[in-house]
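Please walk me through this structure in plain terms. I would like to know how its chains meet and what surrounds some of its residues.

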Amino acid sequence: MIMWLELMFCFVATVAFGIIFNIPLRLVWWGGLIGMVIWLIYSSLPMYGLSQVYSAAVAAFVAAFTSHWLARFKKVPVTTFTIPGIIPLVPGGRAYSSMLAIVEENYSNGLALGIETLLQAGAIAGGLVFALSIFSIGKGVGQRYETNR
Amino acid sequence: MGKAEQTMAFCLLGGKLMLRYGAETYRVEDTMYRMAKAAGMRNINSFVTLTGIFLAYRTDEGQDYMQMIRVHERYQDLSKVTSVNQVSREFSHGELSIEEATNELTAIEKAPMNYPLWLIYLASGIGGAAFSYLIGKSFPDIFPAFIGGLMTTVTLVLYQKYLKVKFFSEFLAAVSGGLVAVLMSVTGLALNFDQVIIGTLIPLVPGVPLTNSVRDLMSGDLVAGVARGAEAGVTSLSIAAGVVVSLSFLYF
């Protein structure tokens, strides 16, 4: 019951962010669906003992993977789905508490929370990069050794 | 105007619109390449950074053309990116002539925003309220978070309109939104202050530069990727500084 309420709020939040980023009306609903799916993953994985950062990475990967697939299907730029899709994962709460700790001159606590915030941001980026790598196999740029001569 | 000049103006207009409204660097380069190729040019090279576009090609007669334009403003309007993408797709498939495609691009450039401003204000209020519930799980604080998110975007648009300074207006919007949240907490309207202030500030998150920075770094556009990362970082820092300023009023 509570879970359904959360999923509904996540759908509303993602659609609202789609409107903030001026995404066409026919596409915002898909962004909302992606938001719902990744909130389900992000909030249910910690119940199985995984860390918050790890769940964020998995959720970001799923969001980016679904977005690429949908973008190919709908023939639109992929950012119209990824940008609102990863908004629910933004570590706003941690960033705020880290700043609050620094304002209260509790620097070690603030630093620890700040590092957690940075780790979660990195996890989101990692998930995005991983999905992108899968979708650009064979199309990427060369690196290090020129083997095809 | 010859065909080469016409193609140059058309490609640069498409690239400028995409870059200005928040497309990734590789997409801008790729779109201009495809459009120039469909117009029959050879030896096409495009180089795009966050703030400028270079395009060079050779015509069938062996004449070289090269031009660069500077893109000063950057907005977040992904519906225009989608429309330019559609025009370029139709042009590359030969469904549009170059005159028709140029007219469509000009229409996209002149068109107003996809959503009216009041809907964007409302959406940032609703987004802030819904996000604050996800973070804090407290029902009575949804309404203060709605007011906070609404005020943040209203003040951001006002400051950007009259001051026209990017990072400073984000800082001032964070201060104003934070002050509204502090005021609501002092008067007892907001019970869970953390939740309200997160809902207030979440519409300011630099989503477009963050996502595009990762994408650009991955596709090898290192200059644009680092530049976008820096843009996102400075925006986040100005928001953080704004929150700290308004929080210090609470501890005054």
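The text below goes from the contact between two chains to single residues.

This is a predicted model, in which local features need pLDDT of at least 70 and side-chain atom pairs count only at pLDDT 80 or more, while totals for chains, interfaces and linings use all residues. Residues are numbered from 1 along each chain as its sequence is written, chains are lettered from A and ligands numbered from 1 in the order in which they are written, and side-chain values use heavy atoms, with hydrogens and water left out.

Start with the place where chain A and chain B touch. Chain A brings 44 residues to the contact and chain B brings 49 residues; contact here means heavy atoms within 4.5 Å. The area buried between the two chains is about 4100 Å², and carbon and sulfur atoms give 77% of it. Buried area is the accessible area (1.4 Å probe) that two parts lose on being put together, summed over both. Of the area that chain A buries against chain B, 17% comes from Phe9(A), Asn22(A) and Tyr96(A), more than from any other three residues.

One salt bridge is counted between chain A and chain B, where a salt bridge is a side-chain nitrogen of Lys or Arg within 4 Å of a carboxyl oxygen of Asp or Glu. A salt bridge joins the side chains of Glu6(A) and Lys137(B), at 3.7 Å from N to O.

Which helix of chain A gives the most to the side that touches chain B? Helix 1 of chain A does, with ten residues. Helices are DSSP runs (H or I, at least four residues), numbered from the N terminus. By residue type, this side of chain A has 33 nonpolar, seven polar and four charged residues. Ala, Val, Leu, Ile, Met, Phe, Trp, Tyr, Cys and Pro count as nonpolar, Asp, Glu, Lys and Arg as charged, and the others, Gly among them, as polar.

Now consider single residues. Cys10(A) counts as buried because its relative accessibility is 0%, and Cys11(B) is buried at 0% as well. Buried means under 20% relative accessible area, exposed over 50%, and partly exposed in between (1.4 Å probe, protein chains only).

Ser185(B) lies in helix 7 of chain B, residues 166-186. With 21% relative accessibility, Ser185(B) counts as partly exposed. Leaving aside residues up to four places away in sequence, Ser185(B) touches Ala190(B), Phe193(B) and Leu250(B). Val196(B) is eleven residues from Ser185(B) along the chain, and their C-alpha atoms are separated by 8.7 Å.

Technical notes. Helices (H or I, at least four residues) and strands (E, at least two) are DSSP runs, numbered from the N terminus.
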